[in-house]
Amino acid sequence: METMKGIIQRYQHKRISLVEAGVTRHRSIFNGLKALAEDQPNCRLSKPEVVIIHDAVRPFVEEDVLLKVVTAAQEHGASGAIRPLVSTVISPSADSCLDHSLERARYRASEMPQAFLFDVIYDAYQQCSDYDLEFGTECLHLALKYSHIKAKLVEGSPDLWKVTYKRDLYAAESIIKERISQKVCVVMDTKEDEEHVGHCLEEMLKTELNHVKVTSGQDLQQIILEQCYNFVCVNVMTSDFEETQRLLNMLEESNLSILYPVVVISVHFLDYESVPLGQKMEKSPVSIYVTVPDWKNGLVEEEEPLQPSA
């Protein structure tokens, strides 16, 4: 419990209630359901119409899958995500020889999330035998066995796989990196309707990064609310990195980097007319800084400027 409390506090999750886990999967779920039931003493939570049961080891569930199972549960009483089998299921004999195999095309793998009318699944768990609670693994089966509800099966996405082994963590990390790299926001120190070299940079990025959504804007609050994690901050009107620093300050206040890393590329265009003649040959008109915010230590690490050759 203390570990979970620490996670909730660290990542600033809201509207979460913790319930003591059971020794098995079904006992843990039953404890969670009892925390929502109005017939339990000291119940502080309101009973929902629909309850969703999900595994933390499937972290990439998408909103449309949740919506589909909830909608189906409202109509049918129970619903769950399924996926095609990728391997044939066989039954071995006592002496480890093949007894029989299942026709893979006829079967599906049961996945999470699953959704139920609360009264349906709570009533099923109240009738469960100790054997069900100790050795059972399928909630949809309990709804069928005890509440006589045939669950509506919904096709799930490929991302519903379980993070089970250590190597799965690397695959999960790859998925996260791919997702957060699909959007880049160009931040400019000017009004959107004014001519600005940043708009040229934006159009160039759209052309070169055709698989990435490139947007622009000056309203930093709105940009951060849209949960973009990659920024190109263009500084032209000011002689220092005022716009970049303002962006970094707002990112720090928003705690956006708590969940995923944030990358800020600061582009500073130098005005030739304001640079002494002796420095014109030494300085490039464009300096690019790759800025990696380090909120933990209160520092900002900046690489050396990348200056194109003359």
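**Close-up views of a predicted model**

**View 1. Phe116, a buried residue of strand β5.** Phe116 is buried, its relative accessible area being 0%, and this residue of the predicted model is found in strand β5. Leaving out residues up to four places away in sequence, Phe116 touches Glu49, Val50, Val51, Ile53, Ala73, Gly77, Ala78, Ile121, Cys139, Leu140 and Ala143. Phe116 and Ile149, although 33 residues apart in sequence, have C-alpha atoms 9.8 Å apart in space.

**View 2. The open sheet that includes β5.** Four strands make up this open sheet, in the order β1-β5-β2-β6 and with mixed pairing. The edges are taken by β1 (50-53) and β6 (152-155), each of which has a single partner strand, so that one side of each is left without a neighbour in the sheet. On average, and with direction ignored, neighbouring strands of the sheet are turned by 30 degrees against each other. Strands β1 and β5 (residues 108-117) run antiparallel and are joined by four bridges, and within this pairing Ile52 stands opposite Ala115 of β5. Helix α6 (residues 139-147) lies across β1, β2 (78-84), β5 and β6, and runs at about 60 degrees to β5.

**View 3. The crossing of helices α2 and α4.** The axes of helix α2 (residues 25-36) and helix α4 (residues 118-126) come within 10 Å and cross at roughly 125 degrees, which makes α2 oblique to α4. The crossing in which α2 passes α4 is left-handed. On the α2 side the contact is made by His26, Ile29, Phe30, Leu33, Lys34 and Leu36, and on the α4 side by Phe118, Ile121, Tyr122, Tyr125 and Gln126.

**View 4. The buried residues of α4.** Within α4, the residues Phe118, Val120, Ile121, Tyr122, Ala124 and Tyr125 are buried. The packing partners of these buried residues are α2, β1, β5, α5 (130-135) and α6.

**View 5. His26 and its surroundings.** His26, which lies in helix α2, is buried, with a relative accessible area of 0%. With neighbours within four places in sequence left aside, His26 is in contact with Tyr125, Asp132, Leu133, Gly136, Thr137, Glu138, Cys139 and Leu142. His26 and Thr137 are 111 residues apart in sequence, whereas their C-alpha atoms are 6.9 Å apart in space.

**View 6. The hairpin of β3 and β4.** Strand β3 (residues 90-92) pairs with strand β4 (residues 98-101) in the antiparallel sense, over three bridges. Ile90 has Ser101 of β4 as its bridge partner. Five residues separate the two strands of this hairpin, and Ser96, which lies in the turn, has a positive phi of about 65 degrees.

**View 7. The protein as a setting for the close-ups.** The protein has 11 helices and 12 strands, and buried residues make up 34% of its 310 residues. Of the contacts between residues at least 6 apart in sequence, 64% join residues at least 24 apart. The protein exposes about 20,000 Å², of which carbon and sulfur atoms supply 52%.

Technical notes: Residues are numbered from 1 along each chain as its sequence is written. This is a predicted model: local features need pLDDT of at least 70, side-chain atom pairs count only at pLDDT 80 or more; totals for chains, interfaces and linings use all residues. Side-chain values use heavy atoms; hydrogens and water are left out. Two strands pair if DSSP finds at least two bridges between them. Axes are lines fitted to C-alpha atoms, for helices over the stretch in contact, and angles run from 0 to 180 degrees between N-to-C directions. Contact means heavy atoms within 4.5 Å. Buried means under 20% relative accessible area, exposed over 50%, partly exposed in between (1.4 Å probe, protein chains only). Accessible areas come from the Shrake-Rupley method with a 1.4 Å probe; for residues, only the protein chains shown count as cover. Angles under 35 degrees count as roughly parallel, over 145 as roughly antiparallel, 65 to 115 as roughly perpendicular and the rest as oblique. A crossing is left-handed if the near helix is turned anticlockwise from the far one by less than a right angle, and right-handed if clockwise.
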